[in-house]
Amino acid sequence: MPVFPLTVNTDCLELLHKSEFKLKELADSLKIEGISDDFFAETVAPLAVYLNSLEKDDQPLFICFTGGQGSGKTTLSEFVQLALQVGYNRKTVGFSIDDIYKTRAVSYTHLRAHETDSYLVCRLL
């Protein structure tokens with residue numbers, strides 16, 4: 001099994017250089033203000049490098065992030081997916097657990113209550 005890379009790892013630095021502009025664009029589109037460059041360098045890039053280094057076969061990887069509600073699991077997933085797409089041309093699909101257990105009616109009610117939040121609108125449609 002591959003070792004989790006350090007932030008100074010050449011692969012991490014190359015991935016960060018290749019994907020940083022797109023990662024910052026994503027942060028802007030999600031309306032995340034003041035996101036630290038360290039987040040991309042110390043969290044997103046090493047995760048993406050590690051996931052890309054796992055053995056590849058014909059079966060997709062199913063990767064889960066755990067944490068409390070609103071802790072940033074889906075947002076972290078969006079950043080890691082983008083880094084994998086831009087840096088390694090990997091295909092990714094992401095979803096939130098809410099997409100599985102909430103009914104369309106509950107999602108629609110939540111959407112109506114937060115219709116000015118473009119990120120939620122996108123996720124709940």
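1. In this predicted model, N52 is buried, because its relative accessible area is 12% and the limit for buried is under 20%. The residue sits in helix α2. Leaving aside residues up to four places away in sequence, N52 touches L84, Y88 and R90.

2. N52 also belongs to the contact between α2 and α3. The axes of these two helices come within 9 Å and cross at roughly 60 degrees. That makes α2 oblique to α3, and the crossing is right-handed. On the α2 side, the contact is made by F39, F40, T43, V44, L47, A48, V49, L51 and N52. On the α3 side, L76, F79, V80, A83, L84 and Y88 take part. Sorted by class, the residues of the contact of α2 with α3 are 13 nonpolar, 2 polar and no charged.

3. Aromatic rings deserve a separate point. A pair of aromatic rings is described by the distance of the centres and the angle of the planes. The whole structure holds 4 aromatic pairs. One of them joins F39 and F79, with ring centres 5.6 Å apart and planes at 75 degrees, so the pair is edge-to-face. The pair links distant parts of the chain, since F39 is in helix α2 and F79 is in helix α3, 40 residues apart. F39 counts as partly exposed at 24% relative accessibility, whereas F79 counts as buried at 0%.

4. F79 also pairs with F40. Here the distance is 5.4 Å centre to centre and the angle between the planes is 70 degrees, an edge-to-face pair. F40 lies in helix α2 and F79 in helix α3, so this pair ties together parts that are 39 residues apart in sequence. F40 is buried, with a relative accessible area of 0%.

5. From α1, the contact uses D11, C12, L15, L16, E20, L23 and K24. From α2 come D37, F40, A41, V44, A45, P46, A48 and V49. The residues of the contact of α1 with α2 divide into 11 nonpolar, no polar and 4 charged. For the contact of α2 with α3, by class, the charged count is none.

6. F40 can be followed through several of these points. It is listed in the contact of α1 with α2, and F40 is listed again in the contact of α2 with α3.

7. K31 has a positive phi of about 60 degrees although it is not a glycine. At 58% relative accessibility, K31 counts as exposed, because the cut-off for exposed is over 50%.

8. N89 is the other loop residue of this note, located between α3 (73-88) and α4 (98-101). Its phi is near 55 degrees, a positive value in a residue other than glycine. N89 counts as exposed at 68% relative accessibility.

Methods. Residues are numbered from 1 along each chain as its sequence is written. This is a predicted model: local features need pLDDT of at least 70, side-chain atom pairs count only at pLDDT 80 or more; totals for chains, interfaces and linings use all residues. Side-chain values use heavy atoms; hydrogens and water are left out. Contact means heavy atoms within 4.5 Å. Helices (H or I, at least four residues) and strands (E, at least two) are DSSP runs, numbered from the N terminus. Ala, Val, Leu, Ile, Met, Phe, Trp, Tyr, Cys and Pro count as nonpolar, Asp, Glu, Lys and Arg as charged, and the others, Gly among them, as polar. Buried means under 20% relative accessible area, exposed over 50%, partly exposed in between (1.4 Å probe, protein chains only). Axes are lines fitted to C-alpha atoms, for helices over the stretch in contact, and angles run from 0 to 180 degrees between N-to-C directions. Angles under 35 degrees count as roughly parallel, over 145 as roughly antiparallel, 65 to 115 as roughly perpendicular and the rest as oblique. A crossing is left-handed if the near helix is turned anticlockwise from the far one by less than a right angle, and right-handed if clockwise. Rings of Phe, Tyr and Trp (its six-membered ring) pair if their centres lie within 6.5 Å; planes under 30 degrees apart count as stacked, over 60 as edge-to-face and the rest as tilted.
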